[in-house]
Amino acid sequence: MDLEAVEMALRAALQQAGAAGLSQLLRQEPPAEPHVPCSCGGQARYKGMRTKPLLTVLGRAEMRRAYYWCSHCQQGQFSTDAALDVENTELSPGVRRMLTLVGSECSSFERGREQMKLLAGLEVATKAVERTTESIGADIARREQDTMQQALQRELPIAVGQAIPVMYVQMDGTGVPMVSKELEGRTGKGSNGRAHTREVKLGCVFTQTKLDAEGWPVRDEDSTSYTGAIETAEEFSRRLYTESQRRGWIVDLYHARQHLWGLSSKLHPSDVAAKRRWVMSHQHFLDDGKIELLVNRLRALATERQELAEEIETEANYFERNAARMRYPKFRQQGLFVGSGVIEAGCKTLIATRLKRSGMFWTVRGANAVIAVRCCRHSREFDNYWESRRA
Ligand SMILES: [Zn+2]
């Protein structure tokens, strides 16, 4: 007996039987009610039953469900598709989850297609692996943006995680090769002066509660979460700030400097050099943890510049309120991690192994989607994400 041939054939047969059973479950009867509410506020009218193929974990199945048409807004709808998370797709949620996994973890989308065939017994196109990974990645990124918006709208940073003794935030950048249209007008370090890559900014947050036998700090196992994208420094600062806040605390130097830049823009709206000079002459207070001196400087400024007084006072209050979180020299003295090993390793495992392989050229959209999925998975958040899609 060729055991492998038999086990594969049996799996195929069982999948086929399962797909037939699933198709039965997905074959709805015509609805008793001829109308459903439409998102425009009107009523959509039942127009008949429609079928569509659906690739499921068990193979090819078919679903039959009611189709409704709203004459008010001229839109058709399948309310069942939305409820089952198969709107505008012929791939089931289970298959899309698998495709996203192989698409983000395998060395290429083509490798992902091969793994689907061997491991899941499912034939899919390479394009399906790519498109699904990109669309789920874009959805993860969209949700992150929503979370950031909410976090930034809060007046005070609220610690949402558990109380922890030491939390680290690290960041780094690494170049990813791009298709030429993503590089237009960008100068680079290459011999011809042209750029070949765009920078992915990656951040990580982790905690440390123990020291090893020799007194060195040890990173807590499974405590690292990652976030990253190809984006501007300003966008990235918001991303990292939000992630730090989500994890329970903030390491503020980076964000605090942003506050100085923001204030300087208001003081010198049309003079870039003056704006820069003003930040440089105040930043050392921050770096040295001399927050009270900075607050005094700001308040003195307010008396000279009446028209900006309110905004300056807001910033002065911000620094005053958070002074205890800005004692940077003290933090350094306390024997806390000062190296950047964790984030450097992260750049390699999260970004380079998937996005910097030879012969690869990315679009920003595609790269950011894959980065979003990989950060989500390596932060152990992918299962939670999938749960939240069902809710
Ligand atoms: Zn409508």
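User: Which strands form the open sheet of three, in what order, and with what pairing?

Analyst: The general idea is that strands of a sheet pair through backbone hydrogen bonds, either parallel or antiparallel. In this predicted model, the open sheet of three strands has the order E5-E6-E9, and the pairing is antiparallel. Strand E5 (167-177) and strand E9 (225-229) are at the edges with a single partner strand each, so one side of each has no neighbour in the sheet. From one strand to the next, the twist averages 20°.

User: How many bridges join strand E6 to E9?

Analyst: Strand E6 (residues 197-207) and E9 run antiparallel and are joined by five bridges.

User: What is the strand order in the open sheet of four strands?

Analyst: The order is E1-E2-E3-E4, and the pairing is antiparallel. Strand E1 (35-37) and strand E4 (75-77) are the edge strands, each pairing on one side only. Here the twist averages 45° from one strand to the next.

User: Where are the bridges between E1 and strand E2, and how many are there?

Analyst: Three bridges join E1 to strand E2 (residues 43-56), and the two run antiparallel. Pro37 stands opposite Gln43 in E2, and His35 has Arg45 in E2 as its bridge partner. The hairpin of E1 and E2 has five residues between the strands, and Gly41 in that hairpin takes a positive phi near 100°.

User: What joins E2 to E3?

Analyst: Eleven bridges join E2 to E3, and these strands run antiparallel. The hairpin that joins E2 to E3 passes through two residues. Within this pairing, Pro53 stands opposite Glu62 in E3.

User: How should I read a helix such as H1, and is H1 largely buried or in the open?

Analyst: An α-helix has 3.6 residues a turn, so residues three or four places apart point the same way. For H1, start with the length. Helix H1 (residues 3-25) has 23 residues, which at 1.5 Å a residue should span 33 Å; the end C-alpha atoms are 33 Å apart, in agreement. As for burial, one of the 23 residues of H1 is buried, so H1 lies largely in the open.

User: What radius of gyration does the protein have, and what would a compact globule of 391 residues have?

Analyst: The protein has 27 Å, whereas a compact globule of 391 residues would have a radius of gyration near 21 Å. The C-alpha trace spans about 75 × 60 × 50 Å along its principal axes. Of the 391 residues, 29% are buried. Among contacts between residues at least 6 apart in sequence, 64% join residues at least 24 apart.

User: Which domains is the protein divided into, and how far apart are the C-alpha centres of domain 1 and domain 2?

Analyst: The division gives domain 1 (3-90) and domain 2 (251-335). Their C-alpha centres lie 57 Å apart.

User: How many helices and strands are there in the protein?

Analyst: The protein has 14 helices and nine strands.

Note on methods
Residues numbered from 1 in each chain as written. Predicted model: local features only at pLDDT ≥ 70, side-chain atom pairs only at ≥ 80, totals over all residues. Expected span 1.5 Å × (residues − 1). Buried ≥ 20, exposed ≤ 12 C-beta atoms within 10 Å, placed from the backbone. Pairing = 2+ DSSP bridges. Axes fitted to C-alpha atoms, helices over the stretch in contact; angles between N-to-C directions. Domains from an automatic or database assignment. Rg over C-alpha atoms; globule rule 2.2 N^0.38 Å. Contact = placed C-beta atoms within 7 Å.
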